[in-house]
Structure formats: structure tokens, C-alpha cells
Amino acid sequence: MKLGIIGKPQCGKTTIFNAASHQQETVGDFSQSSHRAVIKVPDSRVDRIAELIKPDKVTYAEVEFLDAPGFTGKGKEAGAMEINPEIRMMDALILVIDYFSDRADPERYIRNLIDEMILSDQVLIESNLEKKSRKIKLTGDKAGTHELDLLQKCLTHLEEEKPLIDMEFSDDDDKLLRGYMFLTRKPLLIVLNISEDKLPEVDKIQRDFNRFVQPKKQELMVMCGKIQMELVSLDEDERQAFLKELGISGMAVDRFIQKSYGLLGLISFLTTGPPETRAWTIKKGITAQKAAGVIHSDIERGFIRAEVVKFDDFIQLKTPSAIKAAGKMRLEGKEYIIEDGDVILFRFNV
Ligand SMILES: Nc1nc2c(ncn2[C@@H]2O[C@H](COP(=O)(O)OP(=O)(O)OP(=O)(O)O)[C@@H](O)[C@H]2O)c(=O)[nH]1
Ligand SMILES: [Mg+2]
């Protein structure tokens, strides 16, 4: 699962990438260079269980980020070819908007960049429509007509300046469309990258800009990339002092990674024991047996049952015997749908 960090040149993409990945790529050099990193998803549930169990090893869920240049911010005037093709391969996109420099004009650029994505999908459909209808005419093959209709429907929607993520399709059609890797069908997180002096207004800015996003499909968050990048380079004591001085609570970059992970439709279940406390990544909605396969194919194949404890019960009751005595350990079968934060022990036999 991959996330692309995109935006206009010099909007702070690499700054935010550095804060999230604890890397030190050069910022502010107008290089528009690409960077990749696999980033740990901060998870206080993992930390709290590890405090209790004191395992030898602690492992967090991970997600891959690409810091990718390739947008002009010219909106409808931009050529669709200007978009970096690698961005199409991403599972979700993070759009960084400059709200710190003298050039900042966030409303205009949110609109422009979304327009550029819409335009790019439009061009992609138009070229495919042309190719496909020519082929149908030549071969008399009617098999492709359904796809043609589908693309035409998408095109009409895009022409109304709306992103494809708005549209509902059957699973089959959705699969078909996935092959095109449309930009506007990807979940989107808009990050308003604010200047330090706007920090006291974070909540107000968030409220003002929320109208740009549709719940569940898109999200928006406000953070100051520069401060976050500075914060991650400090040790814990210095960081706490700095946070206090700035009057901000918690690390926005942690929330940023968590939101990105959620955007991908991913959740975590946890396993724990003396050797390791670990978060495992799964798609929302999968069954206990499938989830077992994420750990090892033998566990999926030989699945007997899952012993499931809710995170809050685990923390409150602390020991396996207390959990059992309180009736908080549930035995679940193959078809149980895993919930975010379930603490699970799989029983299996091979
Ligand atoms: N004041 C302030 N400056 C920032 C912030 N975020 C980024 N900058 C500055 O903006 C400049 C560009 O930052 P980068 O992170 O390199 O931006 P970019 O989007 O990666 O740039 P390109 O890759 O060249 O397109 C740098 O000088 C940063 O220090 C911020 O939150 N506040
Ligand atoms: Mg950069």
C-alpha cells in the first residue's frame, strides 16, 4: 500500500515527508526530487500493551510514502501530461497546500490542483474512448460496449468538475475502472501546511476548510510542516519542552501518518506475547481466517479459532486469567470480521 505526497512546487512536500520518515532530505532547493520511505504507523495501543507485557520486541504497522513532484497548480490551463505518471500507481494521495509563504492562496490552489486531477482523468478517458470505439467499429465486437458506457458515464461526471470518488459502482465495474488508475478515484488527504504564526488558529482553519472535503472519501488536516520536521529531530525531553513553549499538544505528524493509514482503508489488529507485541495491517472488513494468513499461511490453513480481546478490556484487566474470569475473551470462528484494535491469539493446527 502506497501513499503519494503531491502538490505544487515548494509547497513543503519534502518537509512533511522528512517529518514523517525521520529522514533529512534537502528542502527548499527547488529540486522537485522524489523520495521514498517505509514509515512506522504510531499506535498508542501497541505502546500501552508493550508497557504491560514488556515483550522483547515491538513492531508497528508500516506504510510506504512517496514524495512525488509533478503538479503545476495551473488548474485548467495545465497540460494533463504534466502530472507525474508514478502518482497514478499510488493507493491514496496526500495533497500538500502552501499556507505559509507570501504566495499562499490555499482556496485557489485546492481548487486548481483538484481541477488538474480531474482534467488528467478526463484526457485519459477521452483517449481510451476513442481507441475503444474504433476497435469496436472495426471488429464488430460488442464485448467492449459495457466498458465504453462506463467510461462515458465517468467522463460526464468529470465534465461537471466532480471527482470520480463520488460515483458508486458494482464490484465488477469498480475492478474494471481500477485498471485505469484514475487520480480522482483515489482517497485524498488535503494537508494545509501553515506558517508558525498561524498555529494558534489551527482549529479555526480546520473548520473553515472542511467544506472542501467529503466525509469518509476525503480528509483535511492542518499542520506546520516546518515545526514538525524540527520536532522529530529533538530528543523526548527537548520535544516536550518545545511543544509546551509552542502551546501545541501532541505531534501533528503522528496524526498525519494515522490519517494516511486510515485513508487506505486499513486497520490493525494486535498480537502480543513475551517475544513480541505487534500490529498487523489488514483491509477493513476481512475475516479472522484471512487475517490469520497475514501472519502466516499455515495459520490460515489450519485455522481453528481466534481468541479475541478488545483493547480496552486488555488494558483494564491486564492478565489472561483476569480477562477470562471477566468473560472478556471471546472465541470467534473463521467468519468473524476483525475490528480495529482487536487483540488476537489464533489457535491453529497443521
Ligand atoms: N515557514 C514555513 N516554511 C515552510 C513550511 N514547510 C515548508 N517550508 C519551506 O518551504 C520551502 C520548500 O519546502 P520543501 O519541503 O522543499 O518543498 P517541496 O514541496 O518539497 O519542494 P519541491 O520538491 O522543490 O517541489 C523550504 O524552504 C521550507 O523550509 C512551513 O510549514 N512553514
Ligand atoms: Mg521536494
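Helices (H or I, at least four residues) and strands (E, at least two) are DSSP runs, numbered from the N terminus. This is a predicted model, in which local features need pLDDT of at least 70 and side-chain atom pairs count only at pLDDT 80 or more, while totals for chains, interfaces and linings use all residues. Residues are numbered from 1 along each chain as its sequence is written, and chains are lettered from A and ligands numbered from 1 in the order in which they are written.

The residues of H7 that are buried are Gly225, Lys226, Ile227, Gln228 and Met229; buried means that 20 or more other C-beta atoms lie within 10 Å of a residue's own, exposed means 12 or fewer, and partly exposed is in between, with C-beta atoms placed from the backbone.

Now to the ligand. Helix H1 (13–21) and helix H7 (225–232) each give at least two residues to the shell around ligand 1, and H1 provides the largest share, 3 residues. There are 20 residues around ligand 1, of which Gly12, Thr14, Thr15, Val27 and Gly28 come nearest; a residue counts as near if its C-beta atom, placed from the backbone, lies within 6 Å.

Finally, Gly28 sits in the loop between H1 and strand S2 (35–40). Why is Gly28 exposed? Gly28 is exposed because it has 10 other C-beta atoms within 10 Å.
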